[in-house]
Amino acid sequence: MTTAIWLFGYGSLIYKVDFPFLERRRARLDGWTRRFWQGSHDHRGTPEAPGRVVTLVPASQSVCIGMAYRVTPDVFAHLDHREKNGYVRETIELQFDDGTRADAVVYVAAPGNEAYLGPAAERDIAAHIANARGPSGENREYLLNLADALRELGSDDAHVFDIERELRAMA
Ligand code: SIN
């Protein structure tokens with residue numbers, strides 16, 4: 001029998017679920033925050049004009065709410081390809097709403113990877129996103145889908161919602 005493991009999604013893995021899973025539960029990572037600091041050469045931008053997508057950044061007082069999926073290990077061939085532009089699998093402990101904890105695989109894009117862009121003001125990130133597109137579509141669609149998904153999850157993510165507000169104000 002193959003052992004199922006938890007996968008934690010905090011970006012497109014929340015709203016674009018193109019992989020099979022056994023169970024899905026809202027969960028959180030303590031000590032991490034979601035940031036639009038990763039470049040995208042292959043989904044929401046191109047190598048010449050990268051888009052901006054989210055990564056996780058350690059932040060001791062923060063909580064990142066996302067979706068945990070119980071999956072069988074065979075899904076990682078597909079996910080490693082999907083997340084290949086700078087993300088590496090890490091194992092991080094998550095917490096479910098009932099307080100129970102489990103180790104989860106999380107795709108994290110660390111500073112220094114080939115597509116990393118790093119911090120910028122929310123307004124500048126919004127302007128960047130407004131003008132980027134790639135093989136998976138408009139960068140703005142990634143942002144708006146993520147913001148909608150986070151509202152549904154009840155996540156009060158000031159960084160994402162500030163960028164969404166700035167982008168809508170530019171439209
Ligand atoms: C994730 O969603 O967990 C990773 C980042 C992304 O694919 O947007």
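A residue counts as buried when its relative accessible area is under 20%, as exposed when over 50%, and as partly exposed in between (1.4 Å probe, protein chains only). This is a predicted model, in which local features need pLDDT of at least 70 and side-chain atom pairs count only at pLDDT 80 or more, while totals for chains, interfaces and linings use all residues. Residues are numbered from 1 along each chain as its sequence is written, and side-chain values use heavy atoms, with hydrogens and water left out.

**View 1. Gln95 and its partner Arg101.** Let's start in strand E4 (residues 87-96), where Gln95 lies; strands are DSSP runs of at least two residues and helices (H or I) of at least four, numbered from the N terminus. Gln95 has 16% relative accessibility, so it counts as buried. Its side chain makes a polar contact (a pair of N or O atoms within 3.5 Å, one able to donate a hydrogen and the other to accept it; residues adjacent in sequence count only if both atoms are side-chain atoms) with the side chain of Arg101, at 3.0 Å.

**View 2. The shell around the ligand.** Look for Phe8, Tyr10, Val54 and Tyr87, which are among the residues surrounding the ligand. Strand E1 (5-9) and helix H1 (12-15) each supply at least two residues of this shell.

Note on methods:
A residue is near a molecule or strand if one of its heavy atoms lies within 4 Å of it.
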